[in-house]
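Me: I would like to learn how to read a structure like this one. Could we take it feature by feature?

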Amino acid sequence: MSQNALKKLKTKFKAAVVDSHERLGNETAIVSREKLLEVCQWLFSDEKMAFDMLSDVTAVDYQNRQPRYEVVYHLYSTTQKHRLRLRVPVEEGQESVPSVAGIWRAANWGEREVFDMFGIRFEGHVDMRRILLYDEFVGHPLRKDYPVQKSQPRMDLRSPERDAVEEFRHFYQDRNRPA
Amino acid sequence: MNQPRSLAALQPDPDVNAHEDVMVLNMGPSHPAMHGTVRMVLTLDGETIVKCDPEIGYLHRGFEKMCENVTWTQVFPYTDRLNYVSPLLNNFGYALAVEKLLGIEITERARYIRTIMGEMSRICDHLTCVAAGALELGAMSAFLYAIEGRDLIWDIVEEVTGARLTVTYARVGGLKDDLTPDFRERWADVQPRVEKIIAVLDQLATKNRVFMDRMQGTGVISKADAINYGFTGPALRSTGVAYDIRKDHPYFAYDRVDFDVIVGSRGDNYDRYLVRMGEMVQSIRIINHCLRDMPEGPVMVDAPHVVLPAKHDVYNSIEGMINHFKIIFEGIQVPAGEVYSFTEAANGELGFYIVSNGTGRPWRLRVRPPCFYLMGGIDRLVEGAMISDIIPTFDTINMIGGEIDR
Amino acid sequence: MPNVTINGKSIDVPKGTPIIRAAAMLGFNIPHFCYHPALSSPANCRMCLVEVEKARKLEPSCYLKCTDGMVVHTESAKVIAARRSVMEFILVNHPVDCPICDQAGECKLQDYYMAYDHKPSRLNTQKNAKVKVYPIGPHVVYDGERCILCTRCIRFCDEVTATSELTVAERGDRSYIRAFPGKELDNPYSMNVTDICPVGALTTRDFRFKCRVWLMSSTDSVCTGCSRGCNVHMEHFQGQVQRYRPRFNRDVNEYWMCDVGRLSYKELHTDRNLQVHVKGQSEISWPRAARQIAEQLKQLRASGKAPALVVSAQASSESLWAARAFAESVLGTDQIYWTGKADGDADELLIRSDKNPNRAGVEIVFGADLLANDARRLLSDLNDGRVSGLWVMGSAFPFGDSDMARLVQLAAALPFVALQSAHRGALADVASVILPAATHAEQEGTFVNGDGHVQSFYRAFEPAGVALPDWQIFQRISRAAGLAIKVDTLTAIQADLYAAAGE
């Protein structure tokens, strides 16, 4: 069933679908970044396509090839029971893709994680910030040039006057003062 | 430090109007109800939640990065620690993905065993979820009964796999070991006791006035919203969408066993609870059906470039030695390609998106955690509700820290 | 030019090309044990058998030369079955040694078993026992059970070194390799046989049980034993070099390197300078030391006692270029000498008498005239009191013990002696300042070999202690002196160097 979906997608968006394959039964279309929103909107609203669920959005860093990254979307239709994978190539240095969170709200958190791990920004996303890592984290760990054993710099406390250990030392000193 | 010495010495902040302004309350990450460590930043208007902003990542261990640096088989211990209340389901989901990339089919017996052990893990997961939910609503005895049920099953799991939680039972191409010889007797002993415990849970909670008042009508989500937020599993089925991967896209032995898909209608916490209770009964049904039909035979497929040879061959023949050596040190050589393999885990669609570059280590291993997308929609579930409604909602969503943060 | 078709693809090849080379040109790898591109093809392993149309039997592709219109299949069913049989035959008597064999991880037998033969063993008798751990030469150990009798080692000794020490003894399944009676495998290239041995039958005594192959990282580098500059794979683990393996270079060393050069990696980790040392002070950091030295140099220069610079033919060209700029701007001297290791034996194969990797580099950077100001001249100038201070790069001097002692004695009398080198050497005890430098394993740079080839070497690991590459040391001192010389980055140096050299 998914084969028909892929075929229809390729017919409708001949220019946008750069490449496609059906290896291992996973229908995959490689879509250009500029046309992504248009393609996703059609896949969502068309009756025959009816891709009402975004299963997953993630990215892959291919390291030594241009374009370096690919953002991967897995779509599923609960009514038609077919699946589709969209891959959007992203060049190094232009890590930005239009956000599909307006179409599938699942993308809200999914895209935040892609930004967190890969540094790829999503235009039009209302809440583009890190999700799994803390805000002061330096770098994007799932990039291939991020070493596995890298240390992070130590952070300053956000409110040292309240939280610094020196402040607590005063507290203990007060307690231990003879009456 | 300025320690106030008396109530009279406390000065309210003159800029805050306690009756009209919203208050930002921090719930967690160290909180008895925020199990799995998650932090909810609540914007409150009195008791009503105006906005709920969950902050996850407290258990982020870099699973996906680690998996890029180990061989395919070395990933299995990491998958145990994803959804750690149902580790077998994670093991089997990952093994299925790699087997798809390799293009190998596991043996018949392995299919059935994977189904049986997976369903046992599912029962454990649902028992834990229901137990924790009841506990936090005050039904402590329900918690203790459910944990006893879980422990009975864990005894069997320990006999078969060697561990209660960190099982690492699956291998690419099959399983680590066959079932124990007395498995059927043990299950025949445990099954009625587990059924009784489920019945007791039902008696204690389902028609309990307090339980119903807390769970019914809270954490409601509509069908369309649930699908749009990427909900799967019991949370989606509670809204009325009959999407169960075991029925719609069967794998292992699910197409050969009879079971029903439990579907709710209102999409509230009560329906999620009922779906889980119903699924436990169906899991027991599946296990019994599998035990009836399971054939004898090997549990590892006959594929020498994937499966370690028997120890006798390894130590006594150079062929076995070389085979063992290369598989262990270089890893199974998985052909280059990508695959998205999905199974029905306890919380929903557990997906593994694997990209291989033809070597013995994964290039990219993405886990699609079911509760990640469930938590993404939690602000929709508790918007406009009261703080106390967060507790049952958070419980029935069943966020497992290991799975959502990886 | 005969045209041959392999697996459907055609190519024109020079006359006399064996099929295995033509296949490699087309991108098809044919497994082989006894074939080596630098040696003759005896076709005794039978692993490279391929199907040639119109031939009655499968043909060894290492031996059969391409003829015009030949059609070859390297992956047909017959060929696959043949490979499996050959593997089974070779493995019949092969000992179960993988856990203790050094070759594990880079063993052809392992790789080909996984690629071409998955069958379990059909053997139900004992395997043949042969001599194991036999010292076939001073550097090489032979294991008869692992040997598959491909005879690569014998052909190497016959054809490359022309010393013919090895032969096959006995026959049938009792065959084994040995040196002729009265001989042992002691030619200056003996350890190359361990590289070409496809299994773990020949291993070097130096590397035996030292480090597992998959633990090591490999960096492309150059041997510093002599001015041949054989290209090597510098294989290291946790910041220690474990061995050198020759890297193929058609113009310099082909597939080989000499034993002395192969063992020269040991120098990289012995007798090292690890900390900055200024006489009279216990511990000092780089910035403080740089400031003190800069101050001292200023005073020396003002009083007309600028130290002479002694450059080393062991240093990289970039460091030499920085040294030249340093001598001009910071030291303020044109009294420059060069030093290096003493000359030694040479032969017609690879070994050169000049035991320094970069004398040509010294010549290019400082001009051919400098070569007259060698270490001998330095010693005599010191004797005559014409040298008022020394800045010595490197610790290698071409002197015997008595001359070296004389040098140390004369240097001790000088007011300022700076030793900037990786190794302590004899001058370390009398130096007023010791600046730890990085070896060629710890920095990037180029050497120019005796034939004029510019060869790059790359950094394998971080420098030991607080050592720095020579050119960075010059940069630091010059910055501390406020006379920054134009040596900020390696690429900047290289740009200047190449522009000046006109190459």
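**Two helices in chain B**

Reply: Helix α4 (residues 108-136) of chain B packs against helix α16 (residues 387-397) of chain B at an angle of about 170°, and their axes are 9 Å apart. Keep in mind that this is a predicted model.

Me: How do α4(B) and α16(B) run, roughly parallel or roughly antiparallel to each other?

Reply: Angles over 145 degrees count as roughly antiparallel, so α4(B) and α16(B) are roughly antiparallel.

Me: Which residues of α4(B) and α16(B) meet?

Reply: From α4(B) there are B:Cys129, B:Ala132, B:Gly133 and B:Glu136, and they meet B:Ile391, B:Asp395 and B:Thr396 in α16(B). Sorted by class, this contact has three nonpolar, two polar and two charged residues.

**Strands and a sheet**

Me: Now the strands. What holds a sheet together?

Reply: Strands of a sheet pair through backbone hydrogen bonds, and the pairing is either parallel or antiparallel. In chain C, strand β1 (residues 3-6) and strand β2 (residues 9-12) pair in the antiparallel sense over four bridges. C:Thr5, for instance, has C:Ser10 in β2(C) as its bridge partner.

Me: What do β1(C) and β2(C) form?

Reply: They form a hairpin with two residues between the strands. In the turn, C:Asn7 has a positive phi of about 50°.

Me: In which order do the five strands of the chain A sheet come?

Reply: The order is β1-β2-β5-β4-β3, in an open sheet with mixed pairing. β1 (17-21) and β3 (53-61) of chain A each have a single partner strand, so they stand at the edges, with one side of each left without a neighbour in the sheet. From one strand to the next, the twist averages 20°. Strand β2 (residues 28-31) and strand β5 (residues 83-90) of chain A run parallel and are joined by three bridges; A:Thr28 has A:Arg85 as its bridge partner in β5(A).

Me: Which strands does helix α1 of chain A touch?

Reply: Helix α1 (residues 2-12) of chain A packs on the sheet and touches β1, β2 and β5 of chain A. Its direction makes about 160° with that of β1(A). Helix α3 (residues 107-118) of chain A also packs on the sheet, touching β3 and β4 (69-76), and its direction makes about 10° with that of β3(A).

**Where two chains meet**

Me: How is an interface described?

Reply: Its size is often given as the accessible area lost when the parts come together. Chain B and chain C bury about 1500 Å² between them, 77% of it on carbon and sulfur atoms. In this interface, 15 residues of chain B are in contact with 21 residues of chain C.

Me: How many salt bridges are found across the interface of chain B and chain C?

Reply: One is found there. C:Asp111 forms a salt bridge with B:Lys326, with the closest N and O atoms 2.5 Å apart.

Definitions and conventions. Residues numbered from 1 in each chain as written. Chains lettered and ligands numbered in written order. Predicted model: local features only at pLDDT ≥ 70, side-chain atom pairs only at ≥ 80, totals over all residues. Heavy atoms only, no water. Axes fitted to C-alpha atoms, helices over the stretch in contact; angles between N-to-C directions. Parallel < 35°, antiparallel > 145°, perpendicular 65-115°, else oblique. Contact = heavy atoms within 4.5 Å. Nonpolar A, V, L, I, M, F, W, Y, C, P; charged D, E, K, R; others polar. Pairing = 2+ DSSP bridges. Buried area = accessible area lost by both parts, 1.4 Å probe. Salt bridge = Lys/Arg side-chain N within 4 Å of Asp/Glu carboxyl O.
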